[in-house]
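Reader: I am new to this one. Can you walk me through it?

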Number of protein chains: 2
Amino acid sequence: MLIVIPIFDGLTALDAVGPYEILSRLPGAQVTFAAATRGVYRTDQGSLGLHADEAFADVSACDVLCVPGGPGQAQAAGDHGLLGWLREMDACSTWTTSVCTGSLLLGAAGLLQGRRAVTHWLSMDLLAGFGALPHSDRVVVDGKYATAAGVSAGIDMALWLVGQIAGQTVAEAVQLSVEYAPEPPFDAGSPQTAPAEVVELVRRVARVTAAT
Amino acid sequence: MLIVIPIFDGLTALDAVGPYEILSRLPGAQVTFAAATRGVYRTDQGSLGLHADEAFADVSACDVLCVPGGPGQAQAAGDHGLLGWLREMDACSTWTTSVCTGSLLLGAAGLLQGRRAVTHWLSMDLLAGFGALPHSDRVVVDGKYATAAGVSAGIDMALWLVGQIAGQTVAEAVQLSVEYAPEPPFDAGSPQTAPAEVVELVRRVARVTAAT
């Protein structure tokens, strides 16, 4: 079973590495990072490079596609080579998945037309522009399409996916091996639970970042 | 504020990237990946490479040290250059932290003598061998030393640390920006909650892996 995670400059590291950490423990699975060309791609915070072992042109099919997001996704979406490759992967995939604004890449590739999907809470209004039906759940499944909410939600999505592919016992073993019994020290992980001034602070920072 | 994450071949990706994703959003902080020499290091599952931008020799001080673990930590601990460098970083750090079996590296460097600490649940008995006082909490704090349990616990530790450094509002903003409102699809993230057969399965796989 081949699982491919496409990467690009300006991706959010945890969008890709969260699912990788889970999916790479799926028995019999091989996870490959692919990009326009082989080499190191910088994540959005600038100080981490992830290495793509494969070029898109060298990956002609996969069983699971997992598309991360990040501020770089808009520029990546402008690369028609990427969007065509996403369509090619999707044509043969058993599961097509995304994390955070990775769903906007699936949308730009035309793969979410009429499908329920989710993205980072700050980008939900952009999903509808691709013909998707935005839902605010942490993981949204529509047929073979599983999209996860922002950044850390990819871990939950990937664990769910391991359960679908290999059954609950294997998924629980993966969860235990990464000791995923989260204890966030605060209750601010969604705009529904975060204090109003924190929601406004994050919105303001996002606007400033988008404008620069 | 300089935050350094040392990496090595055979590290567990999420041990490093979980805290990175959180700490890199701390206002005014610069996060750097360092290693024996600059270049790409392979994570334990083999198919991901993380790039170290700095060599240990080029980082002479830091404010926060965050040491990941993984199956490669035992071999990394054999490198006295690493252990000496960890001591050097610790001598000037405001916070010395670890994720998963990264605490065994801190222990091997002699930094956990008489201190409360935690590691991956499968490795708890090894901690005492370094003179540490093993505690089974998800994040264990003893003075400036904060150690996190297995793999995913680094996210919780890093969020707690952001709260300590920059206050709760900033930490909540970081939590919201990565939408960290976890919803694990199963309740098997600790040996206390996982079904007994799942605990035994993970123990068996660990024994087989250690023997090969």
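Predicted model: local features only at pLDDT ≥ 70, side-chain atom pairs only at ≥ 80, totals over all residues.

Reader: What is the order of strands in the open sheet of 7 strands in chain B?
Author: The pairing in this sheet is mixed. β5 (54–55) and β10 (139–142) of chain B stand at the edges, each with a single partner strand, so one side of each lacks a neighbour in the sheet. The order is β5-β2-β1-β6-β7-β11-β10.

Reader: Which residue in β2(B) stands opposite I5(B)?
Author: Strand β1 (residues 2–6) and strand β2 (residues 30–35) of chain B run parallel, joined by 5 bridges. The residue opposite I5(B) is F33(B).

Reader: At what angle does α1(B) run to β2(B)?
Author: α1(B) lies across β1, β2, β6 (64–67) and β7 (95–99) of chain B. Its angle to β2(B) is about 160°.

Reader: And which strands of chain B does helix α6 touch?
Author: Helix α6 (residues 153–166) of chain B packs on the sheet. Its direction makes about 160° with that of β7(B). The strands touched by α6 are β6, β7, β10 and β11 (145–148).

Reader: Which residue takes a positive phi in the hairpin of β3(B) and β4(B)?
Author: Strands β3 (residues 39–42) and β4 (residues 49–52) of chain B pair in the antiparallel sense over 4 bridges. R42(B) stands opposite G49(B). The hairpin has 6 residues between the strands, and the one with a positive phi, near 90°, is G46(B).

Reader: Is E21(B) buried or exposed?
Author: E21(B) sits in helix α1 (residues 13–23) of chain B. Its contacts beyond four places in sequence include T12(A), A13(A), L14(A) and V151(A). A polar atom of its side chain lies 3.2 Å from the backbone nitrogen of A13(A). The relative accessible area of E21(B) is 0%, so E21(B) is buried.

Reader: Which residues have the most contacts inside the largest nonpolar core?
Author: That core has 138 residues. W85(A), for one, touches V4(A), P6(A), A34(A), F56(A), V59(A) and L65(A), leaving aside residues up to four places away in sequence. The residues with the most contacts inside the core are W85(A) and W85(B).

Reader: How many disulfides are there over all chains?
Author: A disulfide needs two cysteine sulfurs within 2.5 Å. The sulfur of C92(A) is 5.4 Å from its closest cysteine sulfur, in C62(A), so that pair is too far for a bond. For C100(A), the closest is in C66(A) at 12 Å, also too far for a bond. The count over all chains is 0.

Conventions
Residues numbered from 1 in each chain as written. Chains lettered and ligands numbered in written order. Heavy atoms only, no water. Core = buried A, V, L, I, M, F, W, Y, C linked by side-chain atoms within 4.5 Å. Buried < 20%, exposed > 50% of the residue type's maximum accessible area, 1.4 Å probe, protein only. Contact = heavy atoms within 4.5 Å. Helix = DSSP H or I, 4+ residues; strand = E, 2+ residues; numbered from the N terminus. Polar contact = N/O pair within 3.5 Å; in protein donor to acceptor, adjacent residues only side chain to side chain. Pairing = 2+ DSSP bridges. Axes fitted to C-alpha atoms, helices over the stretch in contact; angles between N-to-C directions.
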